[in-house]
Amino acid sequence: MPSTAQAPLRRTTLSLAACAAFSCPVPTWAQATPAQKADEATLQQIEVTAQRRKEKLQDVPLAATAVTERDIETRGIVNVAELASIAPNLQVSLTPGNSTAAQISIRGSVTTNPALFWEPTVGMYVDGVYVGKTQGSVFELVDLERVEVLRGPQGTLYGRNTLAGAINLITRKPSGEFGGSATVDLGNYNARMGKVSLDLPRMGILRASVGARAEKRDGWVKATAGSSVSELNDRDTRGGRVALNFDLGRDLQIDYRFDTSRVEQNSRFSQVVRSTVATDFGFPGIVVSQGRQTTASIDGPSFEKLDLKGHSLTAEWKLSPDNTLKYVWAKRDMTWKDALDLDGSPVPFAHTQRLSDYGQQSHELQLVGNAGALSYVAGAFTLKDDGFTNNPQSFFGGGFSFDSRYGFTTKANSVFGQADVKIGEALTLTGGLRHTKERKTVERLLSANGNLLIPAGTHASTDFSSTTPLISLGYKVNPQLSTYLRYSEGFKSGGFNGEAQSAAETTTPFKPEKVKSVELGLKSTLADGKATLNLAIFDNKITDLQQAVFTAQGSAASNIRNVGKATTRGLELEFNARPAADLRWQASYGYLDARFDELMELGVNVASNRAVVHAPRHTLNLMGEVTIARTRYGVWRALADYSYTGAHYLYPYQLTLTDPTQQLASNTRIGGAGFLNLRLSLAEIPLGSAATGEAALWVRNAADKKHITNMIDFGPGFGNLTQAYYADPRTFGVSFSARW
């Protein structure tokens, strides 16, 4: 991979200096009170469930980052799309044209397409429940208590599709005491957001809480008169949550969770930045423009709709003081629809839709316990899912119209176990193993202009299995310093290409992608608990690499093929400090070197001339908060949050032009960019005897960075049509909240 330009990093030094004026905060802290003294500054000890049991973050022998409710609120995190800056070597982009599907990359491993037959590389979990697909993964989640980002393969305890890592979203449990909070945000582009959370008093064995959130914002791209819609890049989302806890005695607890999200908005603007359609095909009217545009003329349908519902039931039975049996049942259903005017112009050149339904159901049984020097987790997991997508497409003014449909099913079963053995006071040996078996099916139909290409009923099925081990050795040098050496494996499931252009390719499965990872880590607590410094160095070897191949033949589709091998290696640094009660610092940095070892195309190894995708060499985050003044009216605080992601490629195209019929990677290379968010608040405002309030001014993308976040390059076979999707411009507003 070519090195990232250094100028953006030099500019970040200025941001660091500005941040130092505020002082840079840790991502979690105990909330200060006006009477708190400066010598009371310490970092909060965060508890996580990364290894399926509660542990202090600093004691977990793996690279993990966690942020709690306080930081989630001040940084405006409401879904996975806002997670990009919280951990090193984590990169998050919205998929082209959509706001409810994300491309999540950890350490250079990513799934780029939201189509339902693609499996994610990063596993996402809500209260321990697996979220099966990238499509619809950006949804509203109310009452987030904590976010955990686990970097590196998590194949033993989490299983399939955690080849790169896992993200745990944990919501708040009902307290059983009356209380709540309410927040209203108002901003430019007529933005308005409201959310409310309510804890109900305990009623016998029942504790309950409810929450809701709604957001609307006008589109920052306005459409001209005569366009099919009046605006693009708008927001219209709603989410809700119910949490119930049934206390059936000291030894049995049952929790029920329900969450729902609905989205009904227009799609993002497909701004064409390159096209030879007029000269290649004699089809004029495509509007090519450089720089971020705020006005568009489109003729095709444009919408994005999501209806998502999730249920889960968790029962915990304390068998003895040292052993707990846990059962988790979950069901999630999604309807997702979108329509894109891919040419972004007032001509009917390229229109496409995806109308999808997806459902999943899972069961998990865990035994968590300890016996003397031995701690263990053992269990079994089963998941069934099925999905269907209707993908009509129209090109060249309707001259080519495709009826494209596909459906699939998955049955996955696994057993797993992991144990820690303390060898003396300082040394801990961890070993684990998971075995997974899967069965997958596919059905496909494809016709073009009424001509049947793949007949209805085209069907195939296949079986996969994988065993993913873990072994780790942790050494506690002293109470403030520990190291670990970890070897782990993971895999991303195989399957079938639902959008394939022939029956033969439809019924030919691609194999699971696998990784073998070695990680060396150090975790330290400094200055009497006022700071932490963590380091991780890793080396990943990937085989049976799944790569997207865009054919530009027939309907617009990408197929997954196993093309070879890759190596990713790098380091991650995380520094948190609270030198005084009124000062908080955080800095994280990730370095990544990703390259193909083998990439086979038509029997030729082209690894040296292909770009590795979504693998920025540098990621950086600096965050700082300072308490400016404590008054009888409240506490004044200022916060600065800066994140930088280095340059990276979006598609595995050729680096040097050797085949003029294929795309060039540099045409869709994303430049490095840094974003600055600011917040000034008056917190802990007395509102009577039992309530406090907060008022805040905030600005996101304060420098109004005109940055392309994603692109599509259709290549020479499709008139070099290339669209760009820009990050939101500067947004600002006010926030008012109350807690009681």
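Trainee: Before we start, what does partly exposed mean here, as against buried or exposed?

Mentor: Buried is under 20% relative accessible area, exposed is over 50%, and partly exposed is in between. Keep in mind that this is a predicted model.

Trainee: Then where does threonine 543 fall, buried, exposed or partly exposed?

Mentor: Threonine 543 has a relative accessible area of 34%, so it is partly exposed.

Trainee: Which strand is threonine 543 in?

Mentor: Strand β29, which covers residues 531-550.

Trainee: And what does threonine 543 touch?

Mentor: Leaving out residues up to four places away in sequence, threonine 543 touches Glu513, Lys514, Gly564 and Lys565.

Trainee: How far is threonine 543 from valine 147?

Mentor: Their C-alpha atoms are separated by 30 Å. Along the chain, threonine 543 and valine 147 are 396 residues apart.

Trainee: What about aspartate 544, where does it lie?

Mentor: Aspartate 544 is also in β29. Its relative accessible area is 24%, so aspartate 544 is partly exposed.

Trainee: What is the phi of aspartate 544?

Mentor: Near 50 degrees. That is a positive value in a residue other than glycine. Most residues other than glycine have a negative phi.

Trainee: And asparagine 449, what is its phi?

Mentor: Asparagine 449 has a phi near 50 degrees, again positive in a residue that is not glycine.

Trainee: Where is asparagine 449, and how accessible?

Mentor: Asparagine 449 sits in the loop between β25 (427-448) and β26 (451-478). With a relative accessible area of 43%, asparagine 449 is partly exposed.

Trainee: Let's step back. How many helices and strands does the chain have?

Mentor: Four helices and 41 strands.

Trainee: What does the radius of gyration say?

Mentor: The chain has 25 Å. A compact globule of 740 residues would be near 27 Å, so the value agrees with that. Along the principal axes, the C-alpha trace spans about 75 × 55 × 55 Å.

Trainee: How much of the chain is buried?

Mentor: Of the 740 residues, 56% count as buried. The accessible surface comes to about 28500 Å². Carbon and sulfur atoms make up 59% of that surface.

Trainee: On to charges. How far apart are the mean positions of the positive and negative ones?

Mentor: They are 2 Å apart, for 77 positive and 71 negative charges.

Trainee: How many salt bridges does the structure hold?

Mentor: It holds 48. Side chains of opposite charge can pair when their charged atoms come close.

Trainee: Which partner does lysine 133 have?

Mentor: Glutamate 119, with the closest N and O atoms 3.3 Å apart. Lysine 133 is in the loop between β7 (129-131) and β8 (144-151). Glutamate 119 is in the loop between β5 (102-106) and β6 (122-126). The two residues are 14 residues apart.

Trainee: Are those two buried or exposed?

Mentor: Lysine 133 is buried at 5% relative accessible area. Glutamate 119 is at 3%, so it counts as buried.

Trainee: What about arginine 584, which residue does it meet?

Mentor: Arginine 584 meets glutamate 625 in a salt bridge, at 3.3 Å from N to O. Arginine 584 lies in β31 (residues 583-601) and glutamate 625 in β33, so the pair ties together parts 41 residues apart in sequence. Arginine 584 and glutamate 625 are buried.

Trainee: Which residues do salt bridges with shared partners join into one network?

Mentor: Arg107, Arg151, Glu519, Glu572 and Glu574.

Trainee: And aspartate 236, what does it pair with?

Mentor: Aspartate 236 forms a salt bridge with arginine 238, where the closest N and O atoms are 3.1 Å apart. Aspartate 236 is buried, at 15%. Arginine 238 is partly exposed, at 32%.

Trainee: Last one. Where does asparagine 609 lie?

Mentor: In the loop between β32 (604-605) and β33 (618-631). Its relative accessibility is 13%, so asparagine 609 counts as buried. Beyond residues up to four places away in sequence, asparagine 609 touches Tyr653, Gln654, Leu655, Thr656 and Thr658.

Technical notes: Residues are numbered from 1 along each chain as its sequence is written. This is a predicted model: local features need pLDDT of at least 70, side-chain atom pairs count only at pLDDT 80 or more; totals for chains, interfaces and linings use all residues. Side-chain values use heavy atoms; hydrogens and water are left out. The radius of gyration is taken over C-alpha atoms; the globule rule is 2.2 Å times the number of residues to the power 0.38. Buried means under 20% relative accessible area, exposed over 50%, partly exposed in between (1.4 Å probe, protein chains only). Accessible areas come from the Shrake-Rupley method with a 1.4 Å probe; for residues, only the protein chains shown count as cover. Lys and Arg count as positive and Asp and Glu as negative; His and the chain ends are not counted. The place of a charge is taken as NZ of Lys, CZ of Arg, CG of Asp or CD of Glu. Contact means heavy atoms within 4.5 Å. A salt bridge is a side-chain nitrogen of Lys or Arg within 4 Å of a carboxyl oxygen of Asp or Glu.
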